[in-house]
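Please look over the sequence and the structure first.

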Amino acid sequence: MGVAIEAPERPAGVYPAMLRAVRSCLPVYRILLAHTPGHVVLVVGTVLASQLSLLMALWLPWKLVVMLTGSQGPTLLPRVLSDMPQKTQVLVVGGAIVAAYVLHLAAEKLIDWLCERGAQKQWQASEKTGLFNNQSKTARQAYQRLLRSAAALVFAGLAMVALAALYPPMLLAALLWCGLVPSALHGAIAWRPSLAHGMRDSLNRLMSGFVQGGFFCALAIVVWQYWRDALPPLLVVLVALILLRQALQQIAFVALHFAALDRQRSQVRALFLPDVQWQAPAAVRSPFDELLEPARREQWMREVLHSQLGLPLEGMRLEVQTRTLGAGNIKALFVRRLDGGAASNHGFLFKLFDHARDAAAQQEADLLDLGAAGLPAFEWLGKTRVSGFACHLMRWNTQSRRTNAAEYAQGVSALRTRLMAYEPPPVLVERYRRSRTLLPERLPHIRFDALREAAAHKVQADAIESLRLAWPSFVQAMQAMPLQLIQPHLSSNAIFREEDGSFRIHDWADWRLEPLGAGWPLSQHMARDLEHALAQASAVRALPAGVTARQAGLAARLHEFERRHARENYQGAANMVAGLLR
(Lines give C-alpha, C1' and ligand atoms only; values in the text may rest on other atoms or scores of the structure.)
Protein backbone atom coordinates (compact mmCIF):
# COMPACT_ATOMS: atom_id res chain seq x y z
CA MET A 1 0.00 0.00 0.00
CA GLY A 2 1.39 3.39 -1.00
CA VAL A 3 1.55 6.57 1.05
CA ALA A 4 0.57 9.95 -0.39
CA ILE A 5 3.45 12.17 0.74
CA GLU A 6 5.23 14.98 -0.98
CA ALA A 7 8.85 15.98 -0.82
CA PRO A 8 9.72 19.66 -0.70
CA GLU A 9 9.33 21.12 -4.16
CA ARG A 10 12.30 22.51 -6.03
CA PRO A 11 12.14 24.80 -9.02
CA ALA A 12 11.49 22.64 -12.09
CA GLY A 13 11.23 23.45 -15.75
CA VAL A 14 7.88 23.73 -17.48
CA TYR A 15 8.05 20.38 -19.25
CA PRO A 16 9.11 18.33 -16.17
CA ALA A 17 6.36 20.01 -14.15
CA MET A 18 3.77 19.22 -16.82
CA LEU A 19 4.94 15.59 -17.04
CA ARG A 20 4.83 15.23 -13.24
CA ALA A 21 1.29 16.60 -13.06
CA VAL A 22 0.06 14.30 -15.85
CA ARG A 23 1.69 11.22 -14.31
CA SER A 24 0.13 12.07 -10.96
CA CYS A 25 -3.36 12.38 -12.45
CA LEU A 26 -3.40 9.34 -14.76
CA PRO A 27 -4.09 6.76 -12.00
CA VAL A 28 -6.87 8.98 -10.68
CA TYR A 29 -8.48 9.16 -14.12
CA ARG A 30 -8.44 5.35 -14.32
CA ILE A 31 -10.21 5.09 -10.97
CA LEU A 32 -12.82 7.68 -11.96
CA LEU A 33 -13.57 5.84 -15.19
CA ALA A 34 -13.91 2.59 -13.26
CA HIS A 35 -16.20 3.88 -10.48
CA THR A 36 -18.10 6.79 -12.05
CA PRO A 37 -18.03 6.29 -15.85
CA GLY A 38 -21.50 7.77 -16.32
CA HIS A 39 -20.58 10.97 -14.49
CA VAL A 40 -17.39 11.28 -16.53
CA VAL A 41 -19.22 10.99 -19.84
CA LEU A 42 -22.02 13.33 -18.75
CA VAL A 43 -19.62 16.01 -17.47
CA VAL A 44 -17.50 15.89 -20.63
CA GLY A 45 -20.62 16.07 -22.82
CA THR A 46 -22.11 18.89 -20.76
CA VAL A 47 -18.89 20.90 -20.95
CA LEU A 48 -18.91 20.51 -24.74
CA ALA A 49 -22.56 21.62 -24.85
CA SER A 50 -21.72 24.59 -22.62
CA GLN A 51 -18.89 25.72 -24.88
CA LEU A 52 -20.95 25.28 -28.05
CA SER A 53 -23.74 27.33 -26.46
CA LEU A 54 -21.19 30.01 -25.61
CA LEU A 55 -19.94 29.95 -29.20
CA MET A 56 -23.49 30.55 -30.44
CA ALA A 57 -24.03 33.31 -27.87
CA LEU A 58 -20.89 35.06 -29.19
CA TRP A 59 -21.57 34.52 -32.91
CA LEU A 60 -25.29 35.22 -33.14
CA PRO A 61 -25.06 38.88 -31.97
CA TRP A 62 -22.82 39.63 -34.94
CA LYS A 63 -25.37 37.94 -37.20
CA LEU A 64 -28.11 40.05 -35.58
CA VAL A 65 -26.18 43.28 -36.23
CA VAL A 66 -25.75 42.32 -39.90
CA MET A 67 -29.49 41.67 -40.19
CA LEU A 68 -30.37 44.98 -38.52
CA THR A 69 -28.11 47.00 -40.81
CA GLY A 70 -29.55 45.27 -43.84
CA SER A 71 -26.16 45.41 -45.54
CA GLN A 72 -26.54 41.90 -46.82
CA GLY A 73 -28.99 39.07 -46.76
CA PRO A 74 -28.92 36.59 -43.91
CA THR A 75 -26.70 33.54 -44.40
CA LEU A 76 -26.31 30.25 -42.58
CA LEU A 77 -29.93 30.37 -41.42
CA PRO A 78 -32.42 27.46 -41.67
CA ARG A 79 -34.58 27.64 -44.81
CA VAL A 80 -37.74 27.94 -42.73
CA LEU A 81 -36.29 31.02 -41.02
CA SER A 82 -34.94 32.50 -44.26
CA ASP A 83 -38.46 32.56 -45.76
CA MET A 84 -39.82 34.61 -42.85
CA PRO A 85 -40.04 38.42 -42.83
CA GLN A 86 -36.89 40.18 -41.67
CA LYS A 87 -38.47 41.45 -38.43
CA THR A 88 -39.48 37.94 -37.53
CA GLN A 89 -35.95 36.75 -38.30
CA VAL A 90 -34.52 39.42 -35.97
CA LEU A 91 -36.92 38.37 -33.23
CA VAL A 92 -36.02 34.69 -33.61
CA VAL A 93 -32.26 35.34 -33.68
CA GLY A 94 -32.52 37.61 -30.63
CA GLY A 95 -34.38 34.89 -28.75
CA ALA A 96 -31.78 32.34 -29.85
CA ILE A 97 -29.03 34.51 -28.34
CA VAL A 98 -30.81 34.56 -24.99
CA ALA A 99 -31.56 30.83 -25.20
CA ALA A 100 -27.92 29.99 -26.02
CA TYR A 101 -26.62 31.98 -23.05
CA VAL A 102 -29.24 30.50 -20.69
CA LEU A 103 -28.27 27.04 -21.92
CA HIS A 104 -24.62 27.85 -21.22
CA LEU A 105 -25.43 28.92 -17.64
CA ALA A 106 -27.67 25.89 -17.08
CA ALA A 107 -24.92 23.57 -18.36
CA GLU A 108 -22.42 25.09 -15.92
CA LYS A 109 -24.82 24.51 -13.02
CA LEU A 110 -25.41 20.95 -14.19
CA ILE A 111 -21.64 20.37 -14.29
CA ASP A 112 -21.33 21.52 -10.67
CA TRP A 113 -24.15 19.19 -9.61
CA LEU A 114 -22.74 16.21 -11.51
CA CYS A 115 -19.27 16.75 -10.04
CA GLU A 116 -20.64 16.96 -6.52
CA ARG A 117 -22.59 13.72 -6.95
CA GLY A 118 -19.67 12.03 -8.68
CA ALA A 119 -17.24 13.04 -5.92
CA GLN A 120 -19.62 11.66 -3.29
CA LYS A 121 -19.97 8.37 -5.15
CA GLN A 122 -16.21 8.11 -5.63
CA TRP A 123 -15.61 8.82 -1.93
CA GLN A 124 -18.08 6.10 -0.94
CA ALA A 125 -16.36 3.67 -3.30
CA SER A 126 -12.97 4.36 -1.70
CA GLU A 127 -14.30 3.19 1.72
CA LYS A 128 -11.97 5.44 3.70
CA THR A 129 -12.39 7.25 6.99
CA GLY A 130 -11.76 10.95 7.60
CA LEU A 131 -8.46 12.10 6.11
CA PHE A 132 -8.13 15.87 6.61
CA ASN A 133 -10.23 18.97 7.16
CA ASN A 134 -12.41 20.20 4.27
CA GLN A 135 -11.96 16.85 2.52
CA SER A 136 -15.44 16.97 0.96
CA LYS A 137 -14.74 20.38 -0.59
CA THR A 138 -11.31 19.25 -1.74
CA ALA A 139 -12.76 16.10 -3.31
CA ARG A 140 -15.48 18.05 -5.12
CA GLN A 141 -13.01 20.62 -6.45
CA ALA A 142 -10.51 17.96 -7.54
CA TYR A 143 -13.20 15.88 -9.24
CA GLN A 144 -14.42 18.94 -11.12
CA ARG A 145 -10.91 19.98 -12.14
CA LEU A 146 -10.11 16.49 -13.40
CA LEU A 147 -13.24 16.20 -15.54
CA ARG A 148 -13.23 19.80 -16.74
CA SER A 149 -9.61 19.36 -17.82
CA ALA A 150 -10.48 16.26 -19.84
CA ALA A 151 -13.48 18.03 -21.41
CA ALA A 152 -11.39 21.12 -22.14
CA LEU A 153 -8.82 19.02 -23.97
CA VAL A 154 -11.56 17.36 -26.03
CA PHE A 155 -13.09 20.71 -26.93
CA ALA A 156 -9.69 22.22 -27.80
CA GLY A 157 -8.98 19.24 -30.07
CA LEU A 158 -12.35 19.60 -31.82
CA ALA A 159 -11.80 23.34 -32.19
CA MET A 160 -8.41 22.70 -33.81
CA VAL A 161 -10.05 20.25 -36.25
CA ALA A 162 -12.66 22.89 -37.09
CA LEU A 163 -9.92 25.48 -37.63
CA ALA A 164 -8.12 23.07 -39.95
CA ALA A 165 -11.27 22.91 -42.07
CA LEU A 166 -12.21 26.60 -41.87
CA TYR A 167 -8.93 28.50 -41.69
CA PRO A 168 -5.66 26.46 -41.88
CA PRO A 169 -3.30 29.49 -41.45
CA MET A 170 -4.98 30.32 -38.15
CA LEU A 171 -4.56 26.70 -37.01
CA LEU A 172 -0.85 26.91 -37.83
CA ALA A 173 -0.53 30.12 -35.82
CA ALA A 174 -2.34 28.53 -32.86
CA LEU A 175 -0.11 25.45 -32.87
CA LEU A 176 3.06 27.56 -33.12
CA TRP A 177 1.87 29.77 -30.25
CA CYS A 178 1.03 26.77 -28.05
CA GLY A 179 4.53 25.41 -28.62
CA LEU A 180 6.39 28.71 -28.34
CA VAL A 181 5.03 29.86 -24.96
CA PRO A 182 5.97 26.72 -22.92
CA SER A 183 9.39 26.65 -24.61
CA ALA A 184 10.01 30.28 -23.71
CA LEU A 185 8.96 29.74 -20.08
CA HIS A 186 11.09 26.59 -19.86
CA GLY A 187 14.11 28.47 -21.21
CA ALA A 188 13.56 31.36 -18.78
CA ILE A 189 13.52 28.97 -15.79
CA ALA A 190 16.63 27.18 -17.07
CA TRP A 191 18.38 30.55 -17.39
CA ARG A 192 17.25 31.83 -13.97
CA PRO A 193 15.73 29.16 -11.66
CA SER A 194 14.49 31.80 -9.20
CA LEU A 195 11.83 32.75 -11.79
CA ALA A 196 10.01 29.47 -11.12
CA HIS A 197 8.47 30.75 -7.88
CA GLY A 198 7.29 33.95 -9.52
CA MET A 199 5.73 32.06 -12.43
CA ARG A 200 3.97 29.70 -10.05
CA ASP A 201 2.57 32.58 -8.01
CA SER A 202 1.44 34.52 -11.11
CA LEU A 203 0.19 31.59 -13.18
CA ASN A 204 -3.27 33.14 -13.59
CA ARG A 205 -1.78 36.27 -15.15
CA LEU A 206 0.53 34.19 -17.34
CA MET A 207 -2.38 32.15 -18.68
CA SER A 208 -4.39 35.31 -19.31
CA GLY A 209 -1.43 36.66 -21.28
CA PHE A 210 -1.22 33.36 -23.14
CA VAL A 211 -4.84 33.67 -24.29
CA GLN A 212 -4.60 37.35 -25.20
CA GLY A 213 -1.26 36.92 -26.97
CA GLY A 214 -2.54 34.01 -29.05
CA PHE A 215 -5.65 35.96 -30.02
CA PHE A 216 -3.55 38.94 -31.15
CA CYS A 217 -1.35 36.62 -33.20
CA ALA A 218 -4.49 35.35 -34.93
CA LEU A 219 -5.57 38.92 -35.61
CA ALA A 220 -2.15 39.57 -37.12
CA ILE A 221 -2.72 36.61 -39.48
CA VAL A 222 -6.08 38.10 -40.51
CA VAL A 223 -4.53 41.54 -41.20
CA TRP A 224 -1.67 39.96 -43.13
CA GLN A 225 -4.02 37.97 -45.34
CA TYR A 226 -6.22 41.01 -45.89
CA TRP A 227 -3.13 42.94 -47.01
CA ARG A 228 -2.34 40.16 -49.53
CA ASP A 229 -5.98 40.07 -50.73
CA ALA A 230 -6.24 36.45 -49.55
CA LEU A 231 -8.76 36.91 -46.76
CA PRO A 232 -11.51 34.24 -46.52
CA PRO A 233 -15.15 35.29 -46.15
CA LEU A 234 -15.76 37.51 -43.13
CA LEU A 235 -18.14 34.98 -41.57
CA VAL A 236 -15.42 32.31 -41.64
CA VAL A 237 -12.90 34.71 -40.09
CA LEU A 238 -15.27 35.61 -37.27
CA VAL A 239 -16.15 32.00 -36.42
CA ALA A 240 -12.48 30.99 -36.60
CA LEU A 241 -11.46 33.82 -34.22
CA ILE A 242 -14.15 32.83 -31.71
CA LEU A 243 -13.16 29.17 -31.93
CA LEU A 244 -9.48 30.02 -31.51
CA ARG A 245 -10.12 32.13 -28.44
CA GLN A 246 -12.27 29.47 -26.84
CA ALA A 247 -9.65 26.79 -27.60
CA LEU A 248 -6.88 28.91 -26.04
CA GLN A 249 -9.05 29.56 -22.99
CA GLN A 250 -9.68 25.85 -22.54
CA ILE A 251 -5.96 25.11 -22.85
CA ALA A 252 -5.28 27.78 -20.22
CA PHE A 253 -7.92 26.21 -17.96
CA VAL A 254 -6.21 22.84 -18.34
CA ALA A 255 -2.89 24.36 -17.25
CA LEU A 256 -4.50 26.06 -14.24
CA HIS A 257 -6.44 22.94 -13.23
CA PHE A 258 -3.40 20.68 -13.48
CA ALA A 259 -1.28 23.16 -11.53
CA ALA A 260 -3.89 23.20 -8.75
CA LEU A 261 -4.11 19.40 -8.79
CA ASP A 262 -0.33 19.13 -8.66
CA ARG A 263 -0.22 21.36 -5.56
CA GLN A 264 -2.75 19.02 -3.90
CA ARG A 265 -1.55 15.77 -5.43
CA SER A 266 -1.05 14.01 -2.07
CA GLN A 267 -4.61 14.88 -1.01
CA VAL A 268 -6.12 14.00 -4.39
CA ARG A 269 -4.36 10.63 -4.56
CA ALA A 270 -5.35 9.77 -0.98
CA LEU A 271 -8.98 10.75 -1.68
CA PHE A 272 -9.46 8.81 -4.91
CA LEU A 273 -6.92 5.96 -4.95
CA PRO A 274 -8.00 3.08 -2.64
CA ASP A 275 -4.49 1.77 -2.02
CA VAL A 276 -2.94 5.15 -1.13
CA GLN A 277 -2.85 6.39 2.46
CA TRP A 278 -2.79 10.02 3.55
CA GLN A 279 0.21 11.61 5.17
CA ALA A 280 0.61 15.36 5.59
CA PRO A 281 3.00 16.71 2.95
CA ALA A 282 6.29 18.30 3.81
CA ALA A 283 6.24 22.06 3.83
CA VAL A 284 6.93 23.64 0.46
CA ARG A 285 10.04 25.78 0.58
CA SER A 286 9.31 29.36 -0.34
CA PRO A 287 11.72 32.07 -1.54
CA PHE A 288 11.73 33.29 2.08
CA ASP A 289 12.93 29.87 3.27
CA GLU A 290 15.61 29.74 0.58
CA LEU A 291 17.12 32.98 1.87
CA LEU A 292 17.81 31.17 5.16
CA GLU A 293 19.87 28.38 3.61
CA PRO A 294 23.46 28.72 4.91
CA ALA A 295 25.22 29.52 1.63
CA ARG A 296 22.56 31.95 0.42
CA ARG A 297 22.22 33.49 3.90
CA GLU A 298 25.92 34.30 4.28
CA GLN A 299 26.04 35.83 0.81
CA TRP A 300 23.28 38.38 1.38
CA MET A 301 24.43 39.11 4.93
CA ARG A 302 27.87 40.12 3.68
CA GLU A 303 26.28 42.25 0.96
CA VAL A 304 24.04 44.05 3.49
CA LEU A 305 26.90 44.72 5.92
CA HIS A 306 29.05 46.05 3.11
CA SER A 307 26.33 48.27 1.60
CA GLN A 308 24.91 49.56 4.91
CA LEU A 309 28.08 49.88 7.02
CA GLY A 310 30.93 49.57 4.53
CA LEU A 311 32.44 46.65 6.44
CA PRO A 312 35.04 44.57 4.53
CA LEU A 313 34.27 41.00 5.52
CA GLU A 314 36.28 39.09 2.91
CA GLY A 315 37.89 36.09 4.54
CA MET A 316 36.05 36.68 7.83
CA ARG A 317 34.15 33.70 9.21
CA LEU A 318 30.66 34.33 10.54
CA GLU A 319 28.77 32.40 13.19
CA VAL A 320 24.98 32.60 12.83
CA GLN A 321 22.26 31.68 15.32
CA THR A 322 18.67 31.71 14.04
CA ARG A 323 15.60 32.37 16.17
CA THR A 324 11.98 32.23 15.06
CA LEU A 325 9.62 35.02 16.11
CA GLY A 326 5.88 35.46 15.78
CA ALA A 327 4.16 32.69 13.85
CA GLY A 328 7.37 31.63 12.12
CA ASN A 329 7.35 34.36 9.46
CA ILE A 330 9.92 36.57 11.21
CA LYS A 331 13.47 35.28 11.53
CA ALA A 332 16.05 36.81 13.89
CA LEU A 333 19.63 35.98 12.88
CA PHE A 334 22.34 36.77 15.42
CA VAL A 335 25.69 37.10 13.64
CA ARG A 336 29.07 36.98 15.36
CA ARG A 337 32.38 37.58 13.63
CA LEU A 338 34.92 34.89 14.43
CA ASP A 339 38.65 35.63 14.67
CA GLY A 340 37.83 39.32 14.90
CA GLY A 341 39.69 40.21 18.11
CA ALA A 342 37.99 42.90 20.17
CA ALA A 343 35.56 43.56 17.31
CA SER A 344 34.05 40.12 17.85
CA ASN A 345 32.11 41.55 20.82
CA HIS A 346 30.10 43.66 18.39
CA GLY A 347 27.75 41.32 16.58
CA PHE A 348 24.81 42.09 14.37
CA LEU A 349 21.15 41.17 14.41
CA PHE A 350 19.37 40.68 11.10
CA LYS A 351 15.58 40.49 11.23
CA LEU A 352 14.02 39.11 8.07
CA PHE A 353 10.26 39.54 7.58
CA ASP A 354 8.13 37.41 5.28
CA HIS A 355 5.66 39.31 3.08
CA ALA A 356 2.84 38.27 5.44
CA ARG A 357 4.44 40.49 8.11
CA ASP A 358 5.16 43.57 6.02
CA ALA A 359 2.95 45.68 8.31
CA ALA A 360 4.89 44.53 11.38
CA ALA A 361 8.17 45.32 9.62
CA GLN A 362 7.04 48.84 8.80
CA GLN A 363 5.74 49.40 12.34
CA GLU A 364 9.04 48.34 13.90
CA ALA A 365 11.05 50.44 11.44
CA ASP A 366 8.88 53.52 12.09
CA LEU A 367 9.38 53.23 15.84
CA LEU A 368 13.14 52.75 15.65
CA ASP A 369 13.58 55.39 12.95
CA LEU A 370 11.58 58.07 14.78
CA GLY A 371 11.89 57.23 18.45
CA ALA A 372 14.81 54.89 19.19
CA ALA A 373 16.33 57.34 21.68
CA GLY A 374 15.33 56.34 25.19
CA LEU A 375 14.05 52.88 24.24
CA PRO A 376 15.56 49.74 25.82
CA ALA A 377 16.41 48.48 22.33
CA PHE A 378 19.40 47.22 20.43
CA GLU A 379 21.31 49.90 18.51
CA TRP A 380 19.35 50.56 15.33
CA LEU A 381 21.46 50.49 12.14
CA GLY A 382 18.76 50.79 9.51
CA LYS A 383 16.51 48.85 7.18
CA THR A 384 16.88 47.43 3.68
CA ARG A 385 15.36 44.79 1.40
CA VAL A 386 16.74 41.36 0.59
CA SER A 387 15.17 39.81 -2.52
CA GLY A 388 12.09 41.92 -1.86
CA PHE A 389 11.75 40.95 1.83
CA ALA A 390 12.03 43.57 4.56
CA CYS A 391 15.27 43.28 6.55
CA HIS A 392 16.21 45.21 9.71
CA LEU A 393 19.77 45.55 10.95
CA MET A 394 20.75 46.17 14.59
CA ARG A 395 23.97 46.00 16.56
CA TRP A 396 24.16 43.19 19.09
CA ASN A 397 26.51 42.94 22.05
CA THR A 398 27.73 39.35 21.91
CA GLN A 399 28.39 39.42 25.66
CA SER A 400 24.69 39.86 26.37
CA ARG A 401 22.47 36.80 26.72
CA ARG A 402 18.85 35.78 26.60
CA THR A 403 17.02 35.77 29.90
CA ASN A 404 16.34 32.51 31.64
CA ALA A 405 13.11 31.61 33.39
CA ALA A 406 14.20 33.17 36.70
CA GLU A 407 15.27 36.44 35.09
CA TYR A 408 12.28 36.77 32.78
CA ALA A 409 9.82 38.09 35.39
CA GLN A 410 12.41 40.56 36.69
CA GLY A 411 13.23 41.69 33.17
CA VAL A 412 9.61 42.17 32.13
CA SER A 413 8.90 44.25 35.25
CA ALA A 414 11.95 46.46 34.67
CA LEU A 415 11.15 46.90 30.99
CA ARG A 416 7.53 47.72 31.70
CA THR A 417 8.66 50.53 34.01
CA ARG A 418 11.11 51.82 31.40
CA LEU A 419 8.40 51.87 28.75
CA MET A 420 6.17 53.88 31.08
CA ALA A 421 8.99 56.40 31.45
CA TYR A 422 9.47 56.62 27.66
CA GLU A 423 7.68 59.56 26.05
CA PRO A 424 6.83 58.80 22.41
CA PRO A 425 7.77 61.60 19.97
CA PRO A 426 4.81 63.67 18.69
CA VAL A 427 5.46 62.64 15.07
CA LEU A 428 5.24 58.98 16.09
CA VAL A 429 2.01 59.61 18.01
CA GLU A 430 0.42 61.37 15.04
CA ARG A 431 1.41 58.58 12.67
CA TYR A 432 -0.02 55.98 15.05
CA ARG A 433 -3.29 57.89 15.48
CA ARG A 434 -3.72 57.94 11.70
CA SER A 435 -3.18 54.18 11.56
CA ARG A 436 -4.76 52.53 14.60
CA THR A 437 -7.48 53.20 17.17
CA LEU A 438 -6.55 53.93 20.77
CA LEU A 439 -8.30 52.47 23.80
CA PRO A 440 -10.60 55.51 24.31
CA GLU A 441 -11.77 55.15 20.70
CA ARG A 442 -12.52 51.42 21.11
CA LEU A 443 -14.38 51.68 24.41
CA PRO A 444 -17.59 53.25 22.98
CA HIS A 445 -18.15 50.08 20.92
CA ILE A 446 -18.53 47.77 23.92
CA ARG A 447 -21.63 45.55 23.58
CA PHE A 448 -23.33 45.70 26.96
CA ASP A 449 -26.21 43.53 25.68
CA ALA A 450 -23.76 40.67 25.10
CA LEU A 451 -22.29 41.22 28.55
CA ARG A 452 -25.75 41.06 30.15
CA GLU A 453 -26.45 37.78 28.36
CA ALA A 454 -23.21 36.38 29.77
CA ALA A 455 -23.96 37.51 33.33
CA ALA A 456 -23.76 34.67 35.84
CA HIS A 457 -26.51 36.03 38.12
CA LYS A 458 -28.80 39.03 38.66
CA VAL A 459 -26.30 40.92 40.83
CA GLN A 460 -23.75 40.80 38.02
CA ALA A 461 -26.38 41.87 35.47
CA ASP A 462 -27.28 44.87 37.64
CA ALA A 463 -23.58 45.77 37.91
CA ILE A 464 -23.25 45.65 34.12
CA GLU A 465 -26.18 48.05 33.79
CA SER A 466 -24.58 50.39 36.34
CA LEU A 467 -21.35 50.26 34.34
CA ARG A 468 -23.22 51.10 31.14
CA LEU A 469 -24.70 54.21 32.74
CA ALA A 470 -21.29 55.32 34.02
CA TRP A 471 -19.43 54.36 30.83
CA PRO A 472 -19.06 57.92 29.38
CA SER A 473 -17.08 58.96 32.45
CA PHE A 474 -14.71 56.01 31.99
CA VAL A 475 -14.15 56.93 28.34
CA GLN A 476 -13.53 60.56 29.31
CA ALA A 477 -11.01 59.51 31.97
CA MET A 478 -9.05 57.49 29.39
CA GLN A 479 -9.08 60.38 26.92
CA ALA A 480 -7.37 62.56 29.53
CA MET A 481 -4.56 60.09 30.20
CA PRO A 482 -1.14 60.56 28.56
CA LEU A 483 0.03 57.84 26.18
CA GLN A 484 2.71 55.24 26.71
CA LEU A 485 4.28 52.57 24.53
CA ILE A 486 3.40 48.98 25.42
CA GLN A 487 4.52 45.56 24.19
CA PRO A 488 1.44 43.27 24.35
CA HIS A 489 3.33 40.07 23.45
CA LEU A 490 6.76 40.13 25.07
CA SER A 491 8.34 36.67 25.10
CA SER A 492 11.59 35.63 26.74
CA ASN A 493 13.16 35.18 23.28
CA ALA A 494 12.91 38.92 22.71
CA ILE A 495 14.62 40.00 25.98
CA PHE A 496 18.40 40.09 26.45
CA ARG A 497 20.35 40.92 29.59
CA GLU A 498 23.40 43.11 29.21
CA GLU A 499 26.66 42.81 31.13
CA ASP A 500 25.63 45.67 33.45
CA GLY A 501 22.40 43.85 34.39
CA SER A 502 20.06 45.98 32.28
CA PHE A 503 17.53 44.47 29.90
CA ARG A 504 16.96 45.17 26.20
CA ILE A 505 14.33 44.17 23.65
CA HIS A 506 15.07 43.35 20.03
CA ASP A 507 11.53 42.62 18.79
CA TRP A 508 9.37 45.75 18.39
CA ALA A 509 7.06 44.51 15.66
CA ASP A 510 3.88 44.56 17.79
CA TRP A 511 4.25 47.75 19.84
CA ARG A 512 1.15 49.81 20.63
CA LEU A 513 0.30 53.21 22.09
CA GLU A 514 -2.29 53.17 24.87
CA PRO A 515 -3.23 55.28 27.93
CA LEU A 516 -0.67 55.22 30.73
CA GLY A 517 -1.00 52.00 32.73
CA ALA A 518 -2.59 49.94 29.95
CA GLY A 519 -1.07 46.52 29.55
CA TRP A 520 -0.01 46.32 33.18
CA PRO A 521 -0.73 42.85 34.64
CA LEU A 522 -3.68 42.65 37.00
CA SER A 523 -2.64 41.49 40.47
CA GLN A 524 -3.16 42.20 44.15
CA HIS A 525 0.01 44.31 44.18
CA MET A 526 -0.85 46.28 41.04
CA ALA A 527 -1.57 49.56 42.87
CA ARG A 528 1.76 49.44 44.72
CA ASP A 529 3.70 48.47 41.58
CA LEU A 530 2.06 51.24 39.55
CA GLU A 531 2.79 53.82 42.23
CA HIS A 532 6.46 52.82 42.19
CA ALA A 533 6.58 52.82 38.37
CA LEU A 534 4.89 56.24 38.16
CA ALA A 535 7.42 57.68 40.60
CA GLN A 536 10.27 56.47 38.39
CA ALA A 537 8.53 57.58 35.18
CA SER A 538 7.82 61.11 36.50
CA ALA A 539 11.54 61.55 37.11
CA VAL A 540 12.21 60.99 33.39
CA ARG A 541 9.18 62.39 31.56
CA ALA A 542 6.71 65.16 32.37
CA LEU A 543 3.41 63.68 33.50
CA PRO A 544 0.21 65.68 34.20
CA ALA A 545 -0.28 66.43 37.87
CA GLY A 546 -3.60 64.59 37.98
CA VAL A 547 -2.17 61.23 36.87
CA THR A 548 -2.29 58.82 39.80
CA ALA A 549 -1.72 55.14 40.37
CA ARG A 550 -5.49 54.72 40.70
CA GLN A 551 -6.06 56.15 37.20
CA ALA A 552 -3.25 54.04 35.76
CA GLY A 553 -4.82 50.98 37.41
CA LEU A 554 -8.16 51.86 35.81
CA ALA A 555 -6.42 52.02 32.42
CA ALA A 556 -4.93 48.57 33.04
CA ARG A 557 -8.34 47.12 33.94
CA LEU A 558 -10.13 48.78 31.01
CA HIS A 559 -7.44 47.58 28.61
CA GLU A 560 -7.87 43.97 29.78
CA PHE A 561 -11.68 44.37 29.81
CA GLU A 562 -11.67 45.58 26.19
CA ARG A 563 -9.24 42.82 25.17
CA ARG A 564 -11.58 40.12 26.52
CA HIS A 565 -14.55 41.79 24.87
CA ALA A 566 -12.77 41.97 21.50
CA ARG A 567 -12.11 38.22 21.71
CA GLU A 568 -15.80 37.65 22.50
CA ASN A 569 -14.91 36.36 25.95
CA TYR A 570 -18.01 38.09 27.32
CA GLN A 571 -18.14 36.02 30.49
CA GLY A 572 -14.54 36.94 31.31
CA ALA A 573 -15.30 40.60 30.67
CA ALA A 574 -18.44 40.42 32.83
CA ASN A 575 -16.36 39.05 35.70
CA MET A 576 -14.30 42.27 35.65
CA VAL A 577 -17.28 44.62 36.01
CA ALA A 578 -17.28 44.63 39.82
CA GLY A 579 -13.61 45.62 39.90
CA LEU A 580 -14.20 48.48 37.46
CA LEU A 581 -17.00 49.91 39.62
CA ARG A 582 -14.94 50.00 42.82
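Is F350 buried or exposed? F350 has 0% relative accessibility and therefore counts as buried; the term means under 20% relative accessible area, while exposed means over 50% and partly exposed lies in between (1.4 Å probe, protein chains only).

The model is predicted, so local features need pLDDT of at least 70 and side-chain atom pairs count only at pLDDT 80 or more, whereas totals for chains, interfaces and linings use all residues. Residues are numbered from 1 along each chain as its sequence is written, and side-chain values use heavy atoms, with hydrogens and water left out.

**Aromatic pairs**

The whole structure holds 12 aromatic pairs. Rings of Phe, Tyr and Trp (its six-membered ring) pair if their centres lie within 6.5 Å; planes under 30 degrees apart count as stacked, over 60 as edge-to-face and the rest as tilted. Two of the pairs are set out below.

| Pair | Centre distance | Plane angle | Class |
|---|---|---|---|
| W300 and F350 | 5.7 Å | 85 degrees | edge-to-face |
| F448 and W471 | 5.4 Å | 80 degrees | edge-to-face |

W300 belongs to helix α12 (residues 294-309) and F350 to strand β5 (residues 346-353), so their pairing ties together parts 50 residues apart in sequence. Helices (H or I, at least four residues) and strands (E, at least two) are DSSP runs, numbered from the N terminus.

F448 is buried at 9% relative accessibility, and W471 is buried with a relative accessible area of 5%.

Elsewhere, ring pairs join F334, F378, W396 and F496 into a cluster.

**Charges over rings**

A charge sits over a ring if NZ of Lys or CZ of Arg is within 6 Å of the ring centre and within 35 degrees of the ring normal. The charged end of R228 sits over the ring of W224, 4.7 Å from its centre. R245 lies over the face of F215, 5.2 Å from the ring centre.

**The chain as a whole**

The chain contains 22 helices and 12 strands. Of its 582 residues, 45% count as buried. Its C-alpha trace spans about 100 × 75 × 55 Å along the principal axes. Among contacts (heavy atoms within 4.5 Å) between residues at least 6 apart in sequence, 74% join residues at least 24 apart.
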